Amino acid sequence: MARMKFLCDAERCIECNGCVTACKNEHEVPWGVNRRRVVTINDGVVGAEKSISVACMHCSDAPCMAVCPVDCFYRTDDGVVLHDKDLCIGCGYCFYACPFGAPQFPQAGAFGLRGKMDKCTFCAGGPEKDQSAAEFQKYGRNRLSEGKLPACAEMCSTKALLGGDGDVIADIYRERVLRRGRGSEVWGWGTAYGPGRPGAQPPQQQQQQPSGTRS
Amino acid sequence: MLLTRKATGQAAPQQRLSRTIPIAKTIDRRTFLKRSGVTVGAGAVASQLPFNMIGEAEAKNEETGKFEVRRTVCTHCSVGCAVDAVVQNGVWVRQEPVFDSPLSLGAHCAKGASVREHGITHDSHRLKYPMKLEGGKWKRMSWDQAYDEISKKMLEIRKQSGPDSLFLVGSSKHNNEQAELLCKWVRLWGSNNTDHQARICHSTTVAGLGQTWGYGAMTGSYNDEQNSKSLMFLGSNAAEAHPVSMLHTLHARENGCKVIVVDPRFTRTAAKADMYVRHRSGSDVAFLFGVLHHIFKNGWEDKKYLHDRVYGMDEVKKEVMAKWTPANVAEATGVPEEQVFAVAKTLAENRPGFIIWAMGQTQHTNANGIVRASNILMLALGNVGRSGGGCNVYRGHDNVQGATDVGPNPDTLPGYYPVAVPGSWTHWAKVWNVDIEWLKKQYASEAMMAKPGMTVSRWIDGVLEKNEAIDQDSNLRMMIFWGHAPNSQSRGSEMLEAMKKLDLMVVIDPYPSASAAMFAKVRKDGAYLLPAATQFETEGSVTASNRSIQWRERVIEPLFESRTDHMIMYQLAQKLGFADQFIGKKDGKQLLRLVKGKGGMDEPSMEDTLRNEINGGCWTIGYTGQSPERIQAHMRNMHVFDVKTTRARGGKDAKTGYDLTGDYYGLPWPCYGNAKIKHPGTPILYDTHKHPMDGGHAFRALFGVEKDGVNLLAEDGVANKGSDITTGYPQFDHVLLKKLGWWDELSDEEKAAAEGKTWANDLSGGIQRVAMKHGCTPFGNAKARAVVWNWPDAIPQHREPLFSPNPALVEKYPTHDDVKVLWRLPTLFKSLQQQAVKEEVHKKFPLILTSGRLVEYEGGGEETRSNPWLAELQQDGFCEINPKTAADRGIRNGEYVWVSTPGKNPVDGSNVRLKVKAKVTEGVGPDTIFIPFHFSGWWQGEDMLPYYPEGAAPIVRGEAVNTATTYGYDRITLMQETKTTLCQVAKA
Amino acid sequence: MRRGLLLLSALALAIGLNACGERDQVVVYKQGKYQGKPDGLPWDSESPAAELRGGKWTKGDRNSWEDQIKQRQLAQHEHKRIYQ
């Protein structure tokens with residue numbers, strides 16, 4: 001049973017923004033709405049700069065779904081979190097709840113004129129007839145029903161962004177980790193089990209490295 | 001619900017997330033600017049749409065309309081990522097990745113993933129119809145009217161001042177056929193005053209590499225990096241300029257390859273490096289020779305390779321050991337000895353390896369030396385001529401390689417046949433089916449015909465310089481910008497003066513470009529804009545940086561009233577009187593068929609151009625084997641090509657039955673001989689491990705047979721695999737063939753054509769065929785030169801940039817002497833540098849100003865800044881400034897600043913200054929300021945929107961850094977020094 | 001008089017009970033349950049045009065769709081293209 005996920009390999013992401021424009025292109029997302037963005041942390045800091053692409057993570061226990069007052073969210077059998085724009089009241093509560101900033105609002109203004117929430121759909125469209133014009137106008141393309149995967153993941157310049165079934169992603173990523181001899185430094189061993197410092201190594205591999213160089 | 005369902009570790013991830021984000025600086029280039037400009041977006045602003053709509057559907061009719069898939073290639077850089085364009089009812093509706101492509105594997109960067117925008121007509125910022133500047137306003141006109149007025153004016157000026165009063169700036173974004181036709185077009189007009197983006201991009205590379213070992217192009221490929229053990233990026237920010245190439249680089253790195261980045265900035269590429277070295281902009285020769293010093297000192301050079309295949313390394317070694325001691329290197333570059341040594345050791349221990357560069361090496365006054373120093377380093381390590389090693393030159397625009405090879409260059413005809421050699425003209429007159437005597441008469445004189453023209457980097461001097469000082473009769477009076485922006489050339493403030501003086505300016509481009517705005521700012525009339533079609537609206541071939549040739553299918557009809565470039569060429573030629581010669585119509589024969597283009601109008605056939613002109617004439621660089629049929633078969637069968645070697649494992653094209661076995665993808669040039677002999681292309685240059693018919697190659701015997709008693713040909717035992725001659729040999733011609741007794745292997749037809757000819761002008765290809773049959777490379781088998789004795793700097797020298805921050809170093813490493821005539825113009829070097837020292841310019845402008853690229857934009861930027869999906873990502877012109885530099889001047893992140901340079905505004909003599917936002921980052925050192933060069937549309941703080949034609953201004957406008965860059969040109973090619981000048985920054 | 005009062009009370013009753021006959025104007029939310037339109041399953045959709053299809057699967061057969069999608073997903077793994 002496929003469980004759709006995204007994984008952005010920060011060791012590969014070069015902030016080329018290919019994923020961002022691929023999404024804009026595929027769904028004709030208007031200016032001001034950013035379904036996917038690339039964030040770079042520690043810009044310019046030698047040895048610490050990392051880039052990572054962020055969109056909706058299609059959480060198993062989605063906070064957006066939990067807090068929506070009109071319950072316009074649902075999760076498909078593949079784990080994709082979608083919502084019904086016709087029901088959405090634009091309250092923005094999902095925006096507060098989401099830890100990734102995925103919900104986007106097409107309106108901008110000081111007094112709460114938000115419009116319907118829009119977000120990454122994992123290229124799975126929404127609750128309209130698949131591949132219909134109505135679905136495209138409201139939610140964008142439905143690539144999954146065409147047998148394709150999200151445009152952002154398919155077009156990533158360095159294959160950093162992986163999108164699709166979680167098992168396959170795990171296989172792909174595992175092979176990369178094996179070849180590299182280590183995992184991603186952003187969320188790797190050091191962040192999960194160590195002092196929370198990016199790049200921290202398990203104790204037996206601690207070694208002093210001169211600044212500006214990495215093994 | 002998330003918070004209540006707490007297992008022991010559940011809350012912790014939540015905590016970590018909030019803990020790390022404040023620590024890490026989340027301000028990155030894109031977000032910090034984006035917050036300010038949400039409402040800048042014109043047109044499809046979301047607030048205009050009803051609540052539940054997100055976008056307009058293009059082809060609203062979902063039931064009818066067949067879908068067609070057209071395979072094309074992205075037009076934004078030289079990696080050449082294939083794109084599958086889905087078209088319905090003539091509308092470009094979808095874009096899909098091409099996973100099978102051996103070059104890109106389906107990957108795209110921001111620009112490639114958004115090329116479909118070129119097919120969108122609503123709210124397009126394209127130039128939609130011909131326009132004329134009248135009374136200070138851009139007025140619409142018809143094509144016929146435009147042609148009439150333009151041709152009338154051109155002929156009038158020609159009558160008064162001769163054909164050399166025209167400067168035709170061609171384009172690296174034309175496909176090969178259009179580029180070659182444009183080269184012909186300007187020659188039929190009668191002038192060598194033509195050029196294109198390669199001048200300001202890799203002209204120094206082509207010259208430097210060509211003079212070292214024969215061909216001036218990437219020696220390997222992006223794919224070949226997967227076979228490398230080390231990769232040194234010196235002067236390349238590939239993560240932003242060639243993002244998809246990083247797929248190969250990072251894959252290599254994950255398989256053990258060492259990546260070193262040497263750059264004054266800590267770029268996105270440097271963030272992925274194993275080793276990062278910060279050096280001073282322009283000090284590359286010192287750095288490279290510093291590395292070489294350690295290599296020689298420790299005996300790490302490949303002595304056998306040097307003995308067998310390189311001339312002059314001993315001289316270089318002597319100089320490097322004496323002059324480039326660690327102390328000198330540290331003084332010139334700012335890099336401590338341990339780092340230089342670490343680099344040398346890594347490169348020596350990890351062979352084969354590539355050195356990779358782009359503008360960081362090429363855009364300097366001594367770039368010819370920098371590029372050659374890179375060559376020398378690779379030769380010393382024995383890296384050239386093997387898989388995984390050599391000089392990987394990352395070209396810029398999508399077809400700058402092709403345009404350089406066959407397009408409008410001032411000093412060469414297609415295929416690098418020099419204009420100075422009469423034989424080149426007879427060769428091409430024959431290929432073009434043009435009467436050579438008629439051609440000679442088109443020129444002002446035979447002397448002018450043989451004289452290389454001016455360069456695009458100096459066209460303003462061609463207009464403004466004193467007439468006695470230029471090496472042609474009249475100054476330049478008319479400019480045609482045919483697919484080239486003006487804000488990529490330096491000294492923009494003086495360009496405005498030049499525009500004031502021009503009699504005529506014609507811009508032929510899909511976008512008005514900054515030329516229109518700049519011209520309208522200072523003039524009331526005298527300019528025309530003609531809408532050209534993009535490369536998605538025509539078919540044709542394009543050469544990627546790795547010399548592979550790909551074929552683009554036409555996706556859509558030219559939009560609005562635009563016409564393809566070759567249609568415009570033909571129609572203008574009709575008005576100017578050389579239409580017949582343009583299509584090679586003579587003596588009952590017509591070289592190029594006319595096919596029906598947009599609106600049923602005639603245009604020359606692209607396939608005929610490739611087959612009859614490019615394949616028919618470019619014997620020197622092996623553009624002869626890539627027939628349209630072969631490369632189209634490659635495009636249809638990408639899946640059979642192996643990624644590491646780019647070779648086809650087998651396969652037969654379903655459509656034509658063509659057998660792909662053995663071909664290298666795109667038949668990378670040189671692909672010698674005609675298509676019949678099925679040469680597979682040459683993926684790696686100078687590689688003697690393979691038989692020539694298998695893709696093998698050697699150093700060209702271009703420089704003679706011996707020099708000062710030393711053999712210049714390859715030593716005994718050094719020849720291609722399977723070669724019948726197992727030592728060095730000179731270029732093949734009919735004499736050599738006869739001497740070897742191979743003459744009778746030619747067919748009678750071939751003998752007739754080859755009699756009296758060399759391998760380079762034998763139109764039958766017989767000499768090449770027979771030479772390769774015997775395992776020999778037709779251009780000879782020689783040594784590479786570490787010493788280029790015919791250049792001012794035989795051994796590369798470090799010379800300080802004209803505007804240097806350190807007068808003591810200027811004293812120690814001065815620049816060249818002034819040259820009275822270089823490419824028809826007087827060129828200053830030392831006098832300017834001395835004047836700058838005398839006036840203490842470095843005190844008034846203490847910071848180094850360097851420029852470079854951003855991933856979202858390309859070139860002059862008007863095209864990409866008109867694409868809302870890209871424009872949204874970079875909405876403001878900005879500069880990168882170090883925290884200390886900013887703090888010293890009271891500048892905060894995101895504030896506007898004035899960056900001023902020694903460049904002057906001719907009107908009042910004030911210093912040029914640019915208004916940009918400050919991005920405070922540690923990525924640049926405290927002595928450097930970086931400004932991306934893609935912006936235009938602001939002039940020293942003033943928005944030039946009123947000067948653009950209505951509806952055709954780019955969405956994002958900003959300061960063009962080249963408005964402020966200063967005088968400085970390469971000694972050999974007149975490449976501009978846009979990587980190193982001086983500036984001062986102050987709060988706005 | 002009594003008749004008028006009867007009429008008045010009948011009218012008041014009629015007005016008062018007026019609302020009972022109408023339908024609920026307020027949507028009754030069942031907390032935690034999706035309230036929107038139904039959505040189709042990706043493997044169940046009408047077969048898209050051949051030029052748009054990412055692969056082949058049998059309509060309605062979830063497993064064949066999943067197999068096809070996972071196969072396509074391997075294109076994101078450059079090793080597949082390089083070492084195939």
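# Exercises on a predicted three-chain model

The contact between chain C and chain B draws 11 residues from chain C and 22 residues from chain B. The model is predicted, and every value below is computed from it.

## Exercise 1. The contact of chain C with chain B

Task: describe the area buried between chain C and chain B, and list the polar links across it.

Solution. 

Step 1. Start with the area. About 1400 Å² is buried between chain C and chain B, and carbon and sulfur atoms supply 57% of that.

Step 2. Count the charged links. There is one salt bridge between the two chains. Its partners are the side chains of Arg72(C) and Glu96(B), at 3.9 Å from N to O. The pair qualifies because the cut-off is 4 Å between a side-chain nitrogen of Lys or Arg and a carboxyl oxygen of Asp or Glu.

Step 3. Count the polar contacts. Six residue pairs, with both members at pLDDT 80 or more, are in polar contact between chain C and chain B.

Step 4. Find the main contributor on chain C. Helix α3 (residues 78-82) of chain C gives the most to the side that touches chain B, namely four residues.

Step 5. Sort that side of chain C by class. It has five nonpolar, two polar and four charged residues.

## Exercise 2. Glu154(A)

Task: decide whether Glu154(A) is buried or exposed, and state which residues it touches.

Solution. 

Step 1. Glu154(A) lies in helix α5 of chain A, which spans residues 151-155.

Step 2. Apply the cut-off. Glu154(A) has 1% relative accessibility, so it counts as buried; the limit is under 20%.

Step 3. List the contacts, leaving out neighbours within four places in sequence. In chain A, Glu154(A) touches Arg143(A), Lys148(A) and Leu149(A). In chain B, the partners of Glu154(A) are Pro97(B), Phe99(B) and Gly106(B). In chain C, they are Arg72(C) and Gln76(C).

Step 4. Link this to Exercise 1. Arg72(C), a contact of Glu154(A), is also the residue that forms the salt bridge with Glu96(B).

Step 5. Chain A has seven helices and six strands, and 65% of its 215 residues are buried.

## Exercise 3. Helix α25(B)

Task: how many of the residues of α25(B) are buried, and against which elements do they pack?

Solution. 

Step 1. Count. Seven of the nine residues in helix α25 (residues 628-636) of chain B are buried, so that the helix is mostly covered.

Step 2. Name them. The buried residues include Pro628(B), Ile631(B) and Met635(B), along with Arg630(B) and His634(B).

Step 3. Find what they pack against. The partners are β1 (67-73), β19 (540-543), β20 (549-552) and α24 (606-617) of chain B.

Methods
Residues are numbered from 1 along each chain as its sequence is written. Chains are lettered from A and ligands numbered from 1 in the order in which they are written. This is a predicted model: local features need pLDDT of at least 70, side-chain atom pairs count only at pLDDT 80 or more; totals for chains, interfaces and linings use all residues. Side-chain values use heavy atoms; hydrogens and water are left out. Contact means heavy atoms within 4.5 Å. Buried area is the accessible area (1.4 Å probe) that two parts lose on being put together, summed over both. A polar contact is a pair of N or O atoms within 3.5 Å; within protein, one must be able to donate a hydrogen and the other to accept it, and residues adjacent in sequence count only if both atoms are side-chain atoms. Helices (H or I, at least four residues) and strands (E, at least two) are DSSP runs, numbered from the N terminus. Ala, Val, Leu, Ile, Met, Phe, Trp, Tyr, Cys and Pro count as nonpolar, Asp, Glu, Lys and Arg as charged, and the others, Gly among them, as polar. Buried means under 20% relative accessible area, exposed over 50%, partly exposed in between (1.4 Å probe, protein chains only).
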